[in-house]
Amino acid sequence: MKVIALSGDCGYINQIETTIKSVMAHNRNVKIYVINPDIPHEWFVNLNYYLKQVGSKVVDKKVDPGLLNQMHVSFDHISTASFGRILIPNLISEDKVLYLESDTIVDSNIDSVFDLEFGDKMIYAVPDFYTPLKFDKNGYVIDSEIGEYNTGVLLINNKKWRAEKVVDKLLEMGKNNNLANGDQTIINEFFKGQIGQLNPRYNYQIGYEFMSSFHNHILRSLKKVINPKIIHYISKQKPYKLISIGSLRKKWWSYYTLEWSDIIAFGESNKYEVKEISFDGEAFVFTNMAEIQSIEQLIKKLPTVHFNIAAYTNMAFLLLKLTQYDNVTLYPNILGKTLTKLINQANVYLDINYNPKANEVIDRVMDRKIPMVAFDRTKSQELNYDNYHVFHDGQIDEMAAAISDAIKNKTEPKSKFNIEVKDINKSLDLILESHKSVVRFGDGEFDIIGGQSIPYQTYEPALAERLKDIILRGNFNNTLVCLPDVFRDLDRYNDYAEDFYESNFFPKNNNFLMEIGKTNNWYGSTFISRPYIDLVDKSKSSDAFAKLKRLWEEKDILIVEGALTRSGVGNDLFANANSIKRIICPAKDSYQQIKQIEQAIKESAENRLVLLMLGPTAKVIVDDLQDLGNQMIDIGHIDSEYEWFKMGATHKIKLANKHTAEFNFDEEISAVHDQAYQDEIVTKIEDYR
């Protein structure tokens with residue numbers, strides 16, 4: 001049975017129960033101790049009515065409040081009850097205990113953390129994200145970079161704690177009024193050198209994002225964590241406060257609002273969601289002042305319109321009180337990514353805040369070409385915008401009607417780059433129906449066009465020029481040119497992918513993307529070979545792979561790939577092909593051998609479908625060999641994507657025996673002893689560097 005401990009007082013009973021709900025939503029056979037001075041026992045009886053139905057229980061462990069009140073917590077938002085964790089050896093008999101603070105939620109099955117062996121370690125913990133961290137390739141923090149371990153999640157070697165009788169020593173240390181960070185300081189000092197490192201996904205620390213403008217390492221640390229299993233709401237930015245600016249606020253409320261009967265009835269699941277209210281559309285206001293003209297009247301008159309109100313700073317009560325309305329969400333201390341999302345989803349902008357105006361926000365709204373409404377008193381001066389509508393100060397009903405009309409007449413948001421990309425499904429249909437060849441461009445090719453080398457291809461001016469020319473030319477000779485399908489509705493993609501395109505790809509390639517937009521070309525989707533891992537809704541991935549497999553069904557194929565790609569080896573990706581031949585090329589800088597590669601293709605092409613997994617070089621090959629007559633498909637990272645799809649992965653996992661997309665440098669790849677694969681190789685192009 002998994003053993004978990006929490007600590008808190010009656011004032012935290014809602015938070016404690018929310019943590020327990022999140023645990024039980026994904027786990028069974030759990031024994032949960034709640035160390036507390038004052039929680040009524042009836043609460044435990046009620047919870048156990050449900051938990052016993054799934055082989056679990058919650059245990060009431062009372063402690064003397066006078067003992068805890070002697071402890072120094074360092075911060076006013078932390079209760080002395082948090083020191084209950086250091087009493088675990090005296091209160092709990094089991095040898096392995098996972099301690100969770102009551103401001104954590106468990107968002108996955110956590111059996112794996114209980115499988116860890118302690119060895120000589122007293123604790124397992126995750127380094128504090130507040131400290132600048134350096135991660136290794138497996139997602140662990142490098143020891144030399146660790147400043148302090150965060151104690152919100154601890155896997156405790158309770159057997160060794162008892163044997164070494166640490167409780168009295170820890171309690172004595174807790175009386176020190178000069179502790180920098182309460183019992184976290186005590187645990188780090190006392191157990192120094194005896195703390196093992198947990199993967200950061202077991203303590204994903206949300207709450208310091210508002211400090212990212214001068215501590216941007218915090219956001220970097222968050223981005224490194226894929227598929228967090230335990231989410232920890234640190235600092236004062238708690239999701240259960242009136243407002244908070246940390247991310248994943250709704251995630252906490254999704255567990256808070258869960259009914260115990262549903263948790264027990266439906267079993268382990270990762271599909272619990274907050275009960276959302278549906279709105280007809282989105283209105284956006286950005287303000288540098290608490291005063292927004294007639295905002296409350298508009299909110300009342302338009303209950304089916306969602307009002308998003310944002311500011312760079314904290315908000316005064318004049319705005320905070322608006323949270324009493326169901327159709328209002330406040331965003332104080334807004335972060336860049338969230339601001340971009342609000343601008344992109346807005347159907348109408350309300351320019352009704354008093355000066356000073358946020359002109360940079362208004363400029364971005366105008367780029368979206370959505371309606372803007374204003375009153376005489378608060379309008380922006382000398383604003384040259386055709387879709388700007390000004391009302392007299394008393395015309396509140398008229399403005400409400402204009403907002404309502406804007407919502408009713410809302411159109412699909414247009415990309416500022418004016419680039420049309422067919423989706424995965426339509427792109428695959430085009431290839432299947434018209435037997436089109438394919439060239440696909442991703443962020444790596446854009447980097448080369450921009451003058452940068454990438455891990456598998458050194459920058460070459462001639463290569464950059466060819467890639468740029470192919471994109472600007474557009475579709476040619478029954479060849480479909482593909483770009484990333486990211487110019488509308490980025491919400492389709494997971495947070496990591498969405499953030500990459502918003503904060504990296506678009507700004508870095510802005511000028512070239514504008515140039516592409518002016519061609520009025522349309523493109524297929526680069527993601528025909530990436531139909532799984534980055535998508536939020538993966539329900540259609542199976543259909544996409546089925547269509548892909550139809551491309552080579554009962555066909556003779558020629559695979560042109562890097563030395564470590566080994567596409568289809570160890571899986572059934574090409575099992576329905578009639579026969580396979582392979583040309584093996586250098587894993588890096590294949591462009592330097594392009595003439596040899598093209599000659600090898602000509603010699604082995606016959607009537608075969610040619611599949612290329614060769615990065616930027618593949619694009620030039622398809623362009624060069626148009627006269628060959630074969631259908632040639634630049635299929636890129638299809639093998640990694642298919643492997644992840646088959647294993648049901650929720651994040652990118654390194655493959656042991658072949659190249660893995662996004663795991664650069666191809667290190668520590670094991671050999672393949674597969675005679676069928678070896679027999680398929682007809683040519684090897686040597687790396688002459």
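How many residues does helix H16 have, and how far does H16 reach from its first C-alpha to its last?

## Helix H16

In this predicted model, H16 spans residues 396-408, which makes 13 residues. The reach from the first C-alpha of H16 to the last is 18 Å, close to the 18 Å expected at 1.5 Å a residue.

The buried residues of H16 are Ile-396, Met-399, Ala-400, Ile-403, Ala-406 and Ile-407. These residues lie on the same side of H16, because the arc they cover around the axis is only 120°.

## The β-α-β unit

Strand S2 (residues 30-36), helix H2 (residues 41-51) and strand S3 (residues 57-62) form a β-α-β unit that is right-handed. S2 and S3 are parallel and are paired over six bridges. In one of these pairings, Tyr-33 has Val-59 in S3 as its bridge partner.

## The three-strand sheet

Three strands in the order S5-S10-S9 make up an open sheet with mixed pairing. Strand S5 (104-106) and strand S9 (204-206) are at the edges; each has a single partner strand, so one side of each has no neighbour in the sheet. From one strand to the next, the twist averages 20°.

S5 runs antiparallel to strand S10 (residues 230-233), and three bridges join the two. Val-106 has Ile-230 in S10 as its bridge partner. Helix H10 (residues 249-256) lies across S5 and S10, at about 70° to S5.

Technical notes:
Residues numbered from 1 in each chain as written. Predicted model: local features only at pLDDT ≥ 70, side-chain atom pairs only at ≥ 80, totals over all residues. Heavy atoms only, no water. Pairing = 2+ DSSP bridges. Helix = DSSP H or I, 4+ residues; strand = E, 2+ residues; numbered from the N terminus. Right-handed = clockwise from strand over helix to strand, strands pointing away. Axes fitted to C-alpha atoms, helices over the stretch in contact; angles between N-to-C directions. Contact = heavy atoms within 4.5 Å. Expected span 1.5 Å × (residues − 1). Buried < 20%, exposed > 50% of the residue type's maximum accessible area, 1.4 Å probe, protein only. Arc of directions from axis to C-beta.
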